[in-house]
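Here is a short briefing to read alongside the model. Keep the viewer open and follow the topics in turn.

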Amino acid sequence: MKLKSCYIAGFGRIKDFTYDFTDGLNGILEENGWGKTTFSVFIKSMFYGMEYSRRRELSEREHYMPWDGSNYGGSLTFLVDDKEYRIERFFGKKDSEDSFRLFDATTGLASSDYTENIGEELFQVDRDAFEKSVFVPQESLETGMTDSINAKMGNLSAVRDDMSNFDAAIKRVEDAKKVYASRGAVNPGKLVRVRAAISECNEALEKLPALNSAFEQKDQILGDRWTEYHKLSDEKKALQEQIATQSKKEQEIGAYREKKETVETDRKTLEAMDEFFTAGIPDADTFGVAEATERDWAVDRTRLSELQERLPREEEQRRLDELFGNTEVHREDIERWNGELRRIQTLEMECQHLQMSEEERQQLQELKIYFQKKVPTAEELTETLNQASLLTQIDGQLETLEDQYKEAQMEHRQLQRHRKAGAGGFVVTVLIALVLFAGGLVFHFYTLPSAVTNLVQGICFIGGAVLLLLAIVVAIRTRMRDRKMRLEASMEEQDAASALEEKRQQRAQTAMECQEFLQNFLVTPTESLQQMVMEIQRKADNYERLAEAEKKYLDQTAESMDELTALQVSLNASLAHFGVCYGEDMAEGGHEKEVLDRLEKDLRTYEEMVENQQSAKELGQLVASQEAVVRSFVEKYPTDKNQSYHEQIQAIHLNAEQYQSLESRLAKLQEEIEEFEKKFDVNEDVETVEDLQERQRVIDERLAELRDMNAKGKSELSELAEEIQQLEEIAEELDEYKRQEVEMEERIELFDNTMKFLKQAREQFLSRYMGPLRKGLRRYLQELGMEGLDPENVDLDMDLNVLIQAEGATRKAEFLSSGYQDLTALCARFALIDVLYEREKPVLILDDPFTNFDEGKIRMALELLEKLCADRQVVYFTCHESRMPKEA
């Protein structure tokens, strides 16, 4: 499968964007914030859509939704099985608002070859497995086993659902077992709780016989007490009727006597109050006017006090009258003067801005001294810089020529030594020939003649002659060849010496020309001639800039100074009077802002003072008239004149209400007394009820005692009954708990067997593909050539965790350095991709995964990535050129 092109209408910060993919590596180098991660997530969303989550945290769908409300999505064109398709997906706030369409890119017609689950249908893995294989986000090189990956690697489409649910099944069985067998103190299992309940039930049932006996005894005692209680209650009821009849008569006579006493007291009180109201009792309207006037007087008096407090002190008022009394000033005048001051400040700032700083003037003066002999032209600097570069090249060439000259000398000397070694070989050969001749002579003169001795004698003479002749021929040929080689080596040595001397002369001439140019300037000597020339060029550019700035300042300063002088003279003349009042000499300059600020503040204070003085005058007249009305009202009555007007009016009002209330009550009491005297004989003796009440008190005490005893006994009896009933229920529960215990033990045994068989089946199933994974991991590690890490000592477990075998122990990859951890994780992911996608190789998407690598590990990772690009398409995002493959 290959990507052809894509169009992003709106996705995160990317809008109206088109990209055409190529075979092999598609390297995208962009700075941070461009949207590289956004682009990679867009490719994934075209195949798998966007997840919708109700959780509070920001979901991937919400993260990449355009803020301006534009279209959210785009299209992706890809090729699979030699057929080209185009996906169009657009997303909403919820997954129900998403849209998906698939087209045949060749015909332009809608296609039903795949559904909206095209990612799972095309790659045979779900979203999670896709993200842990071919989709490599930032800082997430590690992969891991999922149930979907298990099903895909086993090529078991028929049992894919079963494998996808394996971990969930194991967890459900374990959770189900924990429900029964957990021994935790906080949340124990059902079986533990049932056994504890059985123990508690047995312990509780031991109390049942004693409780039944106690219940029968207390029930008998309680019945006897209730019989006595009902008898006393009937006796009390008859006594209460007798007491009520006698008490009613006594209460009526007592009430009659109290009313007579109250009438006498009220008459005396009214006689005393008649002296208070000699001027008459005021009606409600009079009271209303007096109280309203007093309230208004109190409020207005408070306002008057506040206005007087806001007025300045007398000396401040005299100062303000002196300042503004004879000179009329308005806010518009102050605004106009402030405008002139702001224009003056602007002109001063412009002059200061145009003016060269002290540092710039000092630099210009130093540069004038630096270039007092000569100001170099651009052509001279360029020519000298070229000569400096030429010197660098000549130095390199000199090193090469010196090496060549030394090699020629060494070769010539080696030829000389070889000549001496050759002469030694010739001497050895001649000596061997002479030895053979001597042997032949020995056989000829000192042995008896025979066929053997004659044969040996002939071999010695012939061999000696042949060796002597061969030695002479070889010596002649070797001498001629060595002479030729020495001649050629000598000529090469002379040529190398001549070229070296010529190059040295060229360097000396170039260096002399550069030094003649540098003598015109006070340049700081450095090891690099180019640095000195660059220093001169930099100072020449700075000198030209500062000279131009000096000329510009002199041209523009004159015009601004004329306007500035005119404004300062006008503003000082306008503020001269106020400057004298504030004790500031306006001729000195620099006091305008302070004078204007104080003048504006004083003008606001003066205007507020005048307004408050007028308001205080009007309010004072109103307060005086209100006080006269209130005073005339309270002086009619003998109130406490030390009290406030409000308290005196309230006292008058209270006395008036009390007087009227007493008059009304007195009339009513007199009427009730007359009616009682007509109805009853007030002189009749009333019978006492003290003896009857004493008898009732004794009965009440006994009844209260019986009630308390019966209530306590009833409560105790009820508690015993409840406890007996609970124990009977516990006996029934005990049988049920024992039955549950047997069932739960059988279930726990079933759960243990289920987990055992499931784990055995999973291990047998997963072991089928662990070999290819381990082989692929070691192959990629071998290609990386990681120093100090033998690929044969690296292994994978069934959850795709990388393991390291060292010194007889197996450790996790966390014991490696961070860089080696990331590299091994990268190899594990590539091995997983090879096993997962044997038939259809999908595009590999990498979102800058090497950000934490050092330079060496980046090189190793990029070399491995370039090898992968040979037979698959790769989309690689990065923000730095150092992490960009060379092929891209």
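Residues 24 or more positions apart account for 72% of the contacts in the protein with a separation of 6 or more, where contact means heavy atoms within 4.5 Å. This is a predicted model, in which local features need pLDDT of at least 70 and side-chain atom pairs count only at pLDDT 80 or more, while totals for chains, interfaces and linings use all residues. Residues are numbered from 1 along each chain as its sequence is written, and side-chain values use heavy atoms, with hydrogens and water left out.

**Overall make-up**

- The protein has 22 helices and 12 strands; helices (H or I, at least four residues) and strands (E, at least two) are DSSP runs, numbered from the N terminus.
- Of its 888 residues, 35% count as buried; buried means under 20% relative accessible area, exposed over 50%, and partly exposed in between, with a 1.4 Å probe and protein chains only.

- An open sheet of 5 strands has the order 2-1-4-5-6, with antiparallel pairing; two strands pair if DSSP finds at least two bridges between them.
- Its edge strands are strand 2 (14-20) and strand 6, each pairing on one side only.
- On average, neighbouring strands of this sheet are turned by 15° against each other, direction ignored.
- Strand 1 (residues 2-11) is joined to strand 2 by 6 bridges, and the two run antiparallel; F11 has I14 of strand 2 as its bridge partner.
- Helix 1 (residues 36-48) packs on the sheet and touches strand 1, strand 2, strand 4 and strand 5, its direction making about 105° with that of strand 1. Axes here are lines fitted to C-alpha atoms, for helices over the stretch in contact, and angles run from 0 to 180 degrees between N-to-C directions.
- Over 8 bridges, strand 4 (residues 73-80) pairs with strand 5 (residues 83-90) in the antiparallel sense, and S75 stands opposite E88 in strand 5.
- Strand 4 and strand 5 form a hairpin with 2 residues between them, and D81 in the turn has a positive phi of about 55°.
- Strand 5 and strand 6 (residues 99-104) run antiparallel and are joined by 6 bridges, with I87 opposite L102 in strand 6.

- A second open sheet to look at has 4 strands in the order 3-12-11-7, and the pairing is parallel.
- Strand 3 (25-29) and strand 7 (135-136) are its edge strands, each pairing on one side only.
- Strand 3 pairs with strand 12 (residues 874-878) in the parallel sense over 5 bridges; the bridge partner of L25 in strand 12 is V874.

**Nonpolar cores**

- The largest nonpolar core has 84 residues, and those with the most contacts inside it are L3, F39, F47 and F78. Such a core is a set of buried Ala, Val, Leu, Ile, Met, Phe, Trp, Tyr and Cys residues joined through side-chain atoms within 4.5 Å.
- Helix 21 (residues 818-836) gives the most to this core, with 11 residues.
- Leaving out residues up to four places away in sequence, F39 touches C6, I8, I14, F17, Y19, F21, I28, W34 and F877.
- Another core, of 24 residues, lies apart from the largest one, and V263, Y659, L669 and I673 are among its members.

**A helix pair**

- Helix 7 (residues 166-181) and helix 8 (residues 190-205) pack at an angle of about 10°, with their axes 3 Å apart.
- That angle makes helix 7 roughly parallel to helix 8; angles under 35 degrees count as roughly parallel, over 145 as roughly antiparallel, 65 to 115 as roughly perpendicular and the rest as oblique.
- V179, Y180 and A181 of helix 7 meet K190, L191 and V192 of helix 8 in this contact.

**Individual residues worth a click**

- Q124, in the loop between helix 3 (118-123) and helix 4 (127-131), has a phi near 65°, a positive value in a residue other than glycine. At 34% relative accessibility, Q124 counts as partly exposed.
- D848 also has a positive phi, of about 50°, although it is not a glycine. D848 is found in the loop between strand 11 (844-847) and helix 22 (855-868) and is buried, with a relative accessible area of 1%.
- E535 lies in helix 16 (residues 529-574) and counts as buried at 15% relative accessibility. Not counting residues up to four places away in sequence, E535 touches V523 and T524.
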